[in-house]
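Hello,

Here is the structure I promised to pass on to you. Have a look at it first, and then read on for what turned up in it.

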Amino acid sequence: NFRLEANSLSSAIPTQLGKLEQMTANFRLEANSLSSAIPTQLGKLEQMGSGFDLDSGSLSSTIPTQLGQIVHMRSSFDLTKNKLSSTIPTQLGQLERMSSDFRLF
């Protein structure tokens with residue numbers, strides 16, 4: 001578990017968090033003031049099965065196509081309440097195991 005939700009964190013999400021490749025659940029940074037783009041390196045969290053939550057922040061730019069590599073994700077993938085723009089990447093269609101709580105905008 002990596003849980004830092006609701007802590008008034010600001011600035012960008014460190015790209016080094018993509019090195020948590022063995023994490024399987026609860027990557028939670030929601031309800032902070034994180035800004036900038038979602039790092040493409042977070043696509044390396046391929047073993048995540050549930051709880052990828054970056055909602056309720058100030059993240060901007062587009063949804064990285066690399067997030068489609070988190071192929072074990074089954075529930076709670078949440079990017080809502082940010083300032084994301086553009087289209088939904090087709091690569092997110094690779095999250096075929098998702099059964100609940102897939103939220104983007």
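**Aromatic rings**

F77 is buried, with a relative accessible area of 0%. Please keep in mind as you read that this is a predicted model.

Let me stay with the rings for a moment. A pair of aromatic rings is described by the distance of the centres and the angle of the planes. The count of aromatic pairs comes to four. In one of them, the ring centres of F52 and F77 are 5.3 Å apart and the planes stand at 15 degrees, so this pair is stacked. The two residues come from distant parts of the chain, with F52 in strand β5 and F77 in strand β7, 25 residues apart. Both F52 and F77 are buried.

F77 also pairs with F102: here the centres lie 5.4 Å apart and the planes are at 20 degrees, so this pair is stacked as well. Again distant parts of the chain are linked, since F77 sits in strand β7 and F102 in strand β9, 25 residues apart.

Which residues do the ring pairs link into a cluster? They are F2, F27, F52, F77 and F102.

**Salt bridges**

Now to the charged residues. Side chains of opposite charge can pair when their charged atoms come close. In this model there are five salt bridges.

One of them joins the side chains of D53 and R28, with 3.0 Å from N to O. D53 belongs to strand β5 (residues 50–53) and R28 to strand β3 (residues 25–28), so the pair ties together parts 25 residues apart in sequence. D53 and R28 are both buried.

Another salt bridge is formed by D78 and R103, whose closest N and O atoms are 2.9 Å apart. D78 lies in strand β7 (residues 75–78) and R103 in strand β9 (residues 100–103), so this pair, too, ties together parts 25 residues apart in sequence. D78 is buried at 4% relative accessible area, whereas R103 is partly exposed at 37%. Salt bridges with shared partners also join R28, E30 and D53 into one network.

You will find one more salt bridge between the side chains of R3 and E5, at 2.8 Å from N to O. R3 is partly exposed, with 43% relative accessibility, and E5 is partly exposed at 23%.

Enjoy exploring the model, and write back whenever you like.

Best wishes

Technical notes. Residues numbered from 1 in each chain as written. Predicted model: local features only at pLDDT ≥ 70, side-chain atom pairs only at ≥ 80, totals over all residues. Heavy atoms only, no water. Salt bridge = Lys/Arg side-chain N within 4 Å of Asp/Glu carboxyl O. Buried < 20%, exposed > 50% of the residue type's maximum accessible area, 1.4 Å probe, protein only. Helix = DSSP H or I, 4+ residues; strand = E, 2+ residues; numbered from the N terminus. Phe/Tyr/Trp six-rings, centres within 6.5 Å; stacked < 30°, edge-to-face > 60°.
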